[in-house]
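Have a look at the structure first, then see whether you read it the way I do.

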Amino acid sequence: MKREIITTADGSSTIHLPDWNEQYHSKHGAIQEAYHVFIKHGLHYFYDQKLALKPKNTISILEVGFGTGLNAFITYLEAEKLKLKINYVGVEAYPVTLAEIQLLNYPFALNAEDKADVFLKLHTTSWNTSHSINETFSITKQQKTFDDINAKNSFNIIYFDAFGARVQPELWTETIFKKMFNALAQNGILVTYSAKGSVRRAMQAVGFTVKKLPGPPGKREMLQAIKL
């Protein structure tokens, strides 16, 4: 499938799939969306609630749709500020190529050019093996489909960043969200940019307590789901 690098409204880049008329991130701002959905209502929310951090200040994150690595990179930057230890697992069936990664402007757009080597390292580390980016951030990239996620009570936060239900409805079903529910530890949270009624109902059907929250630029609402 053809992929093109485009610039979103906040100046950050993303990958556009013309055949689907779909982007890896919001065309209204890739970085703005990542911060609003995954950092503000995911990482920061969990940390502020002080939900079962064991050992102290250690958070395990599963990203469903690793894609360009933007969410992982921003999480790394935020973890440095908050002095958190992060265990990060990113699942991706079809990895972005290194040539495409080198065209993305995230270190520059985030005023983190001194961390450009970290962004590159997130992508050049081998798949299906745990790697320490530094003493407080480890990453394991798993090349597999979402159907193959079978973790149990393992994660504090899930960044659910799959392509939209319009183009891949099979990724937004009760079957998938049951896997997400099982993967979370108690008091774990899942955040996603989607606010579709069918998605909310699928989450509720498998046991999540679901909140509608204000969405990022260009979207009225988003969803946050909690495993109580």
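Predicted model: local features only at pLDDT ≥ 70, side-chain atom pairs only at ≥ 80, totals over all residues.

1. The axes of α1 (residues 30-49) and α2 come within 10 Å and cross at roughly 50°. That angle falls between the 35 and 65 degree cut-offs, so the two helices count as oblique to each other. The crossing of α1 with α2 is right-handed.

2. Who makes that contact? On the α1 side you'll find A30, I31, A34, Y35, F38, I39, L43, H44 and Y47, and on the α2 side L70, N71, I74, T75, E78 and L82. Sorted by class, the α1 and α2 contact comes out as 11 nonpolar, three polar and one charged.

3. Now α2 (residues 70-82) against α5 (residues 116-124): their axes also come within 10 Å, crossing at roughly 135°. That makes α2 oblique to α5, and this crossing is right-handed. Here α2 uses A72, F73 and Y76, while α5 brings V118, F119 and L122. The class count for α2 with α5 is six nonpolar, with no polar and no charged residues.

4. On to the largest pocket, which has a volume of about 1100 Å³. Of its 45 lining residues, E22, Q23, F163, G164 and Y193 sit closest to the centre. β3 (22-23) and α2 are the elements that give two or more residues to the lining.

Technical notes: Residues numbered from 1 in each chain as written. Heavy atoms only, no water. Axes fitted to C-alpha atoms, helices over the stretch in contact; angles between N-to-C directions. Helix = DSSP H or I, 4+ residues; strand = E, 2+ residues; numbered from the N terminus. Parallel < 35°, antiparallel > 145°, perpendicular 65-115°, else oblique. Left-handed = near helix turned anticlockwise from the far one by under 90°. Contact = heavy atoms within 4.5 Å. Nonpolar A, V, L, I, M, F, W, Y, C, P; charged D, E, K, R; others polar. 1 Å grid on protein atoms, 1.4 Å probe; cavity = no way out; pocket = protein on both sides within 12 Å on 5 of 7 lines; lining within 4 Å. Points joined across faces, edges and corners; volume = space filled by probe spheres on them.
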